[in-house]
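The structure under discussion is shown below.

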Amino acid sequence: MQITVDGFVAGPNGEQDWVFVSGKQDREALQQIVDFSVGLAASCDTILLGRKLSHDGFIDYWKNVGENQPGNPWNPFGKLMVSHRKIAFSHTETAIAGHNVEVENGDLATVVQALKNQPGKDLLVYGGVNFVSSLVSLNLIDEYYLIVNPIAIGAGLSIFKERKVLELESSMAFKHGKVLNKYVPVSVGS
């Protein structure tokens, strides 16, 4: 998930225009982020989405990149997004258009725990903010991959609603100023 140095994943109204305002553009750094993203996506076989992200064009966008943009550096990632099983969580929808898309209306904690117990590869979560925040609050996230952007926006939306103790497992800095951090939750005894 993209995040600002002051801890926001979106502006107050969901804006993410700050994601590409990091100053220097660096093809090598872009390729490193693409390679990491492709590797992470290849390690999973199911993508969890919130209803809003499903309707905001996520599925169609990656389908277009994977099927129609062979020269785009994100093309391999787009192909994975198309081929993977996608489960969109919703309280109101019963169907969402797209290849390999299922809608889940059940209790979030129960359904995600059941999915985690199924055989297969890892689950990968792609927001939105409220959906990810719910997963965080329910302690359903096993690994956090946060791309810290060298920008502060002063106010916005966070995926963290309460204290979470995380341990840094790895970190990779890029020339354009972004830093990819992998964190795992730490169990804090009472």
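## Aromatic pairs

Nine aromatic pairs are found when the whole structure is searched. Rings of Phe, Tyr and Trp (its six-membered ring) are paired if their centres lie within 6.5 Å; planes under 30 degrees apart count as stacked, over 60 as edge-to-face and the rest as tilted. The pair formed by Y61 and W62 is edge-to-face, because the ring centres are 4.9 Å apart and the planes stand at 85°. The model is predicted, so local features need pLDDT of at least 70 and side-chain atom pairs count only at pLDDT 80 or more, while totals for chains, interfaces and linings use all residues. Residues are numbered from 1 along each chain as its sequence is written, and side-chain values use heavy atoms, with hydrogens and water left out.

Y61 and W62 also belong to a cluster in which ring pairs link F58, Y61, W62, W74, F77 and Y126. Y61 counts as partly exposed because its relative accessibility is 45%, whereas W62, at 12%, counts as buried.

## Two helices and their surroundings

Helices (H or I, at least four residues) and strands (E, at least two) are DSSP runs, numbered from the N terminus. Contact means heavy atoms within 4.5 Å.

| Helix | Residues | Buried residues |
|---|---|---|
| α4 | 75-83 | N75, F77, G78, L80, M81 and V82 |
| α6 | 129-137 | V129, F131, V132, S133, L135 and V136 |

The buried residues of α4 pack against α1 (27-42), β2, α3 (58-68), β3 and β5. For α6, the cover over the buried residues includes β2 (44-50), β3 (85-89), α5 (108-117), β5 (122-126) and β6 (144-149). After α6 comes N139, which has a positive phi, near 60°.

K182 is buried, since its relative accessible area is 14%. Leaving aside neighbours within four places in sequence, K182 contacts E143, Y144, Y145, E167, L168, E169 and S170. With neighbours within four places again left aside, Y183 is in contact with E143, Y144, L146, L166, E167, L168 and E169. The C-alpha atoms of Y183 and P73 are separated by 26 Å, and these residues are 110 residues apart along the chain.

## The chain as a whole

The chain has six helices and eight strands, arranged along the sequence as β-α-β-α-α-α-β-β-α-β-α-β-β-β. Along its principal axes, the C-alpha trace spans about 50 × 45 × 35 Å.

Of the 190 residues, 38% count as buried. Among contacts between residues at least 6 apart in sequence, 67% join residues at least 24 apart. The chain exposes about 10400 Å², of which carbon and sulfur atoms supply 52%; accessible areas come from the Shrake-Rupley method with a 1.4 Å probe, and for residues only the protein chains shown count as cover.

Notes
Buried < 20%, exposed > 50% of the residue type's maximum accessible area, 1.4 Å probe, protein only.
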